Structures are given as structure tokens and as C-alpha cells.
Amino acid sequence: MTDRELQNLTVWDRPIRLFHWTLVALLPALWWTAEEGAFTWHMALGAVALALLAFRIMWGFVGSSTARFSSFLRGPRAVAGYVRSQGREPGQPLIGHNPLGGWSVLAMLLLLLCQVALGLVAGDPDDDAVGPLNHLVSYTLANSATELHELVFNVIMAFVVLHVAVVLGHLLIKRDNLIRPMVTGYRTFVGEAAQPSAAPPIRALLCAAVAAGLAWWLHAGAPLPWN
Amino acid sequence: MNRRLEKVLAVVLLATAVAGCSGATEPDNAVAGVIAARQENFKQMKEANDAIKREAEADNPDPAVFRANAAILIERAANITSGFPENSGPQAGVETDALPQIWQNKAQFEARATALQEVLQQFSATAAGDDVNATVAAVALVGDTCRECHEEFRKRD
């Protein structure tokens, strides 16, 4: 491998890409179903979102190297170093999330988790639809959760706008296409770059099964055998 | 067919389409007003009941909150049946969650509205007394009455 040779590396594995683009489809659908009062659909889609997030968190510990939190959550020095390096010629090729992007990924994941948690308990049983765990909380809490659920959506939207703007900025200003790797999984690197390690597919299936089971159980109202 | 005839035909079709659009399906402004008013009425009732339910969960519920909101509920509950005149249902062309059953089972709908007024009077009387615990215990009955009517007469998804 010489300094000038091109190589195609798999940067994003299939589970990550599937997770990302399903979320892109889910968010407008979740908004629309809520706007139209189609709460049966809204809650079903919310359960899917919950499963996706549960999967992503597990995958962040056992997935391929670029998916793991340990690989893209970097300390303040790395973040500062990355920010300072913008505008200069890139040195080491970045494989996976850059230090700044990594933290924004975490922020978005936490916001979405928060939103799902609020939705689980939201609603007023005397009025209309209620989340599947609404019966477990006080009216006051459910009331606050409903209001926060609407507020947090706006915060999520702000992050989505920021995210899209930055990706477009990379594309148009830095001439760095981040979209294609998130679709195909591949990215071309010049010179030395280590192929990220992939996690075996069976692991993804197991995580997906656990995530789906958890989402199903919560959606059903978290029934316990002794109830 | 020749071009002139084609143009005349296009204009005639277009005019018919436009004329057809401003037909009987266009919402009547008066009906839209009635629907908006009843929705606002229910929204205010929800807010009053919200305040009651939150107060009922407080460590030391304040009877004044129960009394004041009960009064609001009583006043607004009296507006319910008059908010649903003939032809103000889904066919009116204005967005509403009112089900056709309201007009099909008018007697039942009005009976529920009356039942609500009775429950509210009871609640108000209890709240006027000194027994806060009794008032708190009575809170659920108000919400239950709201819910039962919704289940029968309001569009659920």
C-alpha cells in the first residue's frame, strides 16, 4: 500500500445504515400521525423507534468499530483539535464520526430516547389516547410528560436541521460527501487507512431480537406475570 | 376536432369545474363558527378538569381550586347540547371529531350531557363542604363521565 493508492473501506455497517435511514423515515411519520390524531399508528411507530434506539445503544457497545461509542466519543482535546484543523489540509483520514459529530450523535440519541420515554407515559385517559405506560404514573406526571413530549420534538427538529446543514456543508464546502457512505457503506481513502472491524451478523440479529422484544413488551403496557 | 372548438371546450369544462367547486359542499360560515365554539368550550373544560386532577394529587389539596374549577365546568357543561345543532356534523365540511351517532342517538347524547351536569353538581356540593378527602375521591367520577361520552360519541382513532 503506497501513500497515493486508493482503497474502498466499509465505514458504516448495514445495521447502522438501516438504523439511520429508518429513523429518517420515522420522524416525519411520527410527527404526521400525531398531528392528524392517528394515535394507534403514532404509538406503533413510536414502538418501532424505541426498538431502533434500543438496538443502537446495544450496537454502540458490541457492534462494528465505527458504531461503538468508545470509538467516536472523544475527549475535549480531540474535539478542539478537530475544530482547529478545519480549513487546513486533512492529515489522518477520519474513519467514522469525527469528534464533533460523535457528540452530536450522542445528543440526538439521548433526545430521541427522552422523547420515547415521555411518549410512553403521556396522555389523558379522559380525553384521548394515552401512552402504554400512562397507567403507571400520576396524572400530574403524565400531564407534564405530554407537554414536554411536544417541546422535545422541537428540540429534536433543531438538531435535525443542524445535522442536515452540517452534512450539506461538508458536501458543498469541504467537497466531502458524507451521504454516500451512509447509503452504500463505503468510502474511498487515499493511502494508509485501517479497515474498521465488522461485527458478525448473528450478533446484529440477537440485538435486534432483544430490542424488538423490549419494544413489544413496553408497547403492551409492560405486563408483569404476577399482575 | 378543430383548434377553436378545442379551446371553447376547454374553457367550458374549466368554468364548469370552478362552478362545481363552489357548490353545496362548501362549509357554511355559521356552522364553522358553531363547531369552533363547541371545540373551545370542551378545551376550556379539559383545562378546568386538568387543574382539578392535578390538585387532587397534591399533598395538601386546596379546596378553592376544586370549587373554582367545578364552577367553570358547570357553566360550560350547560353549553354542550346547544353546540351540536342539525347539520353541524362531519358532513358539514369542517373538521370535527363529532361522530354521526350524536344526531342518530340524540336522546342518548343529551342524556349523557345531563348526567354530566348532575355529576358536576354533586362534585360542586362535595367541594363546597369541609371534607377534602371526599372531594378528592369524587374527582375520578367527573373524568369518568367525560370519558364515557367520548367513547360513544367522539371520533377515536
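In this predicted model, the buried residues of helix 6 of chain B are B:Thr135, B:Val139, B:Val142, B:Gly143, B:Thr145, B:Cys146, B:Cys149, B:His150 and B:Phe153. Their cover includes helix 2, helix 3 (63–77), helix 4 (101–104) and helix 5 (106–128) of chain B. At the start of helix 6 of chain B, the backbone nitrogen of B:Asn133 has a side-chain oxygen of B:Asp131 within 3.2 Å. The length of this helix agrees with expectation, because its 22 residues at 1.5 Å a residue should span 32 Å and the end C-alpha atoms lie 33 Å apart.

Chain B also meets chain A: 14 residues of chain B are in contact with 13 residues of chain A. The two chains bury about 1200 Å² between them, with 32% of that area on carbon and sulfur atoms. On the side of chain B, B:Lys53, B:Glu57 and B:Asp157 lose the most area to chain A, together 42% of what that side buries.

| Item | Value |
|---|---|
| Buried area, chain B and chain A | about 1200 Å² |
| Salt bridges, chain B and chain A | seven |
| Residue pairs in polar contact, chain B and chain A (both at pLDDT 80 or more) | eleven |

A salt bridge joins A:Asp127 to B:Lys46, with the closest N and O atoms 3.2 Å apart. Helix 2 (29–56) and helix 6 (132–153) of chain B are the elements that give two or more residues to the side of chain B that touches chain A. The residues of that side comprise one nonpolar, three polar and ten charged.

Conventions
Residues are numbered from 1 along each chain as its sequence is written. Chains are lettered from A and ligands numbered from 1 in the order in which they are written. This is a predicted model: local features need pLDDT of at least 70, side-chain atom pairs count only at pLDDT 80 or more; totals for chains, interfaces and linings use all residues. Side-chain values use heavy atoms; hydrogens and water are left out. Contact means heavy atoms within 4.5 Å. Buried area is the accessible area (1.4 Å probe) that two parts lose on being put together, summed over both. A salt bridge is a side-chain nitrogen of Lys or Arg within 4 Å of a carboxyl oxygen of Asp or Glu. A polar contact is a pair of N or O atoms within 3.5 Å; within protein, one must be able to donate a hydrogen and the other to accept it, and residues adjacent in sequence count only if both atoms are side-chain atoms. Helices (H or I, at least four residues) and strands (E, at least two) are DSSP runs, numbered from the N terminus. Ala, Val, Leu, Ile, Met, Phe, Trp, Tyr, Cys and Pro count as nonpolar, Asp, Glu, Lys and Arg as charged, and the others, Gly among them, as polar. The expected span of a helix is 1.5 Å times one less than its number of residues. Buried means under 20% relative accessible area, exposed over 50%, partly exposed in between (1.4 Å probe, protein chains only).
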